[in-house]
Amino acid sequence: MLGQVVVSGILAGALYAMVALGLALIFGVMRVINIAHGPLLMLGAYTTFFIYQALGLNPYLTVPITMLVLFILGALLQRTLVYRVVDAPELSSLLLTFGISIALVNLAQLAFTSNLRTVEYVTGSYTLGPLAFSKSRLIAFVVAAALAGLVFLFLQRTRLGKAIRATSQSREVAMVCGVDVQRIHRITFGIAAALAGAGGALVSVIVAIQPEMGQIWTFKSFLVIVLGGAGNYPGALLGGVLLGLVEQLASLFLTTQLSEAVAYILLVLILLVRPTGLLGGRQT
Amino acid sequence: MRLTARIALVAGVVAAAACPAAAQQAPIRIGASLSLTGSYAKLGSNQHEGYKLCERDVNVKGGLLGRKVEFVVYDDQSAPPTAVRLYEKLITEDKVDGVMGPYSSPVTEAAANVTEKYKKVMVSPLAATTSIFRKGRKYIFMVISPAEGYLEGLIDVAAKRGLKTVAVVNEDTLFSKAAASGALELAKKRGLHVVYQEAYPKGNTDFSALLTKVKSLNPDVIAAATYFDDAVALTRQMKELNVNPRMYGVTVGGDLPEFYDTLRQNAEYIYGATQWEPTLPYPGQKEFLDAYRKEFGHDPSYHSAAGYAGCLVYTEGVKRAGSLDSDRVREALLKLETRTMFGDYKVDADGFQLAHKMALFQWLDGKKYTVWPDELASAKTRFPTPPWNQR
């Protein structure tokens, strides 16, 4: 039983990690906590659904398209709204992104109605001895891990990635070195939204799509980045897998009802004992 | 919402001109708030269509007490506090002659405080929570079966088939908890051994750990008090983890066409509970279906049917009382025993529904067949459920 639950936890964890990485990026670079991160994931799920419905395309093949759509949307949000609060106190950015979140959910309700939509593509599982690997969750795991890895390579190796990290470390110094900080902010928000969108595409194959599906992902992502250390990108990966495991193990040994409570108690404990997160905050 | 009222008014005027006998007196105005926007929008709109069709049919048949009937409907945006305000307005400002219930248990629970205060009879066709009717309220009447009865059919069939063990899982919300506790009680009564019971939080979509535990106990029956999302997720993960009970039933969500569209062959053999199906052999069913499809261009859901039936029950009560006076209508509704296209109606002294029966259906070859109770059944159960790879 334990083995199965650990497998499920790790499979879920990679997805948490990838989605949370987006939140961590925005926080790291701009010190903005993006409450609208979950609703962006919801829009990603709808994008996949409509492409799947219109073209009958394999939902996994829609991931790049969905990411592109969400990248543009994210960059636009940054350009029109979020840039106004980057230097403001954190409360302003919380309020603004909270407002964006409500607007996105309600617009989605108006535009797409609250009818439940589903993308039925793969069901069943691969079995390995006594262990079952859900097909849809395994694919989500692989894609999420690959995307997270790519983002890392991008941050570590490319000029643009280095500029993002530089901005994250010190905006002033980056500016002095000739980095166009506004542009970096737009790209960062775009990448973060694209990661949320990819999450939405992967999730759409697992659960039903509806306008309110996203909010829980805001909370989970927040939990993940606090666990791993806010603004610390490898920490987000660790936090994601940790959250997946904690949820599953808590529902195995306690009850499913308590599993969320356990995750949030962990959050409080970490904030008390090690407020910088497990790997320490804001290192790049 | 103004517009709805205005359209209703215009429709009333046009109809009145065509029918001079009933036009001599002012129409009887029945007020209601419905969830026309917000999270219950779709279901509330279906209920609204039920009311509208009832209004039309009552007027075609000569009206009520010789007067035309006219609905005054506002949008409560699926929010209980808004419904409270709207019922206040309907009763004190609009001075409607009667009211009908809103959509959903939480909204009804809130609105009932207002209607009780003004001693207005409120037939509430879409409230299934027992506690609403057990608070000493005098003027509220229930139409659909209570939540506790949703899994009765599943447990009954399981007991008759000689099954021994059952696992009950439920979402941790008002309705699902009531459905699960009803199932537990029935299971005990029928001699089934409850080997596992667990609630999971609303919005939960990962059941791996829960199902791993269930699998190790290998129950004959899994009874799940669900909504749509969790019913789908639970079913998918049962397949993934190869959890294969002899019977598996869900409550809400399993009856939607989307349930089958999503799960396809994986929905086969699954049992579900339903308040009403268009195929049930109740009187007036065909006429209702034809009229509804013609009027609105789509099939009614049970919300539409319950709305229509609730309105019929109320107008029948008024007819028997011969008056719109709350206390006299109340007396008539307490005594009333009737069968509509929605099924039976008979309430106890609290206005709590006793006669209406839930039906149990099974998904077979892409269609829902009613398999319980026997007198309504359209097919025999296919039992036991085969392994996942043979569905």
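The model is predicted; local features need pLDDT of at least 70, side-chain atom pairs count only at pLDDT 80 or more, and totals for chains, interfaces and linings use all residues. Residues are numbered from 1 along each chain as its sequence is written, and chains are lettered from A in the order in which they are written.

Chain B contains 13 helices and 14 strands (DSSP runs: H or I of at least four residues, E of at least two, numbered from the N terminus). Its radius of gyration is 22 Å, close to the 21 Å of the globule rule for 391 residues, so chain B is as compact as a globular protein of that length (taken over C-alpha atoms; the rule is 2.2 Å times the number of residues to the power 0.38). The C-alpha atoms of chain B fill a box of roughly 70 × 40 × 35 Å along the principal axes.

In chain A, helices α9 (residues 215-228) and α11 (residues 256-273) cross at roughly 35°, with axes that come within 10 Å (lines fitted to C-alpha atoms over the stretch in contact; angles run from 0 to 180 degrees between N-to-C directions). L223(A), V226(A) and L227(A) of α9(A) meet A263(A), L267(A), I270(A) and L271(A) of α11(A).

Across the interface, 27 residues of chain A are in contact with 31 residues of chain B (C-beta atoms, placed from the backbone, within 7 Å). On the chain A side, α1 (2-30), β2 (131-134), α10 (233-253) and α11 each give two or more residues. The largest share, four residues, comes from α1(A).

Technical notes:
Contact = placed C-beta atoms within 7 Å.
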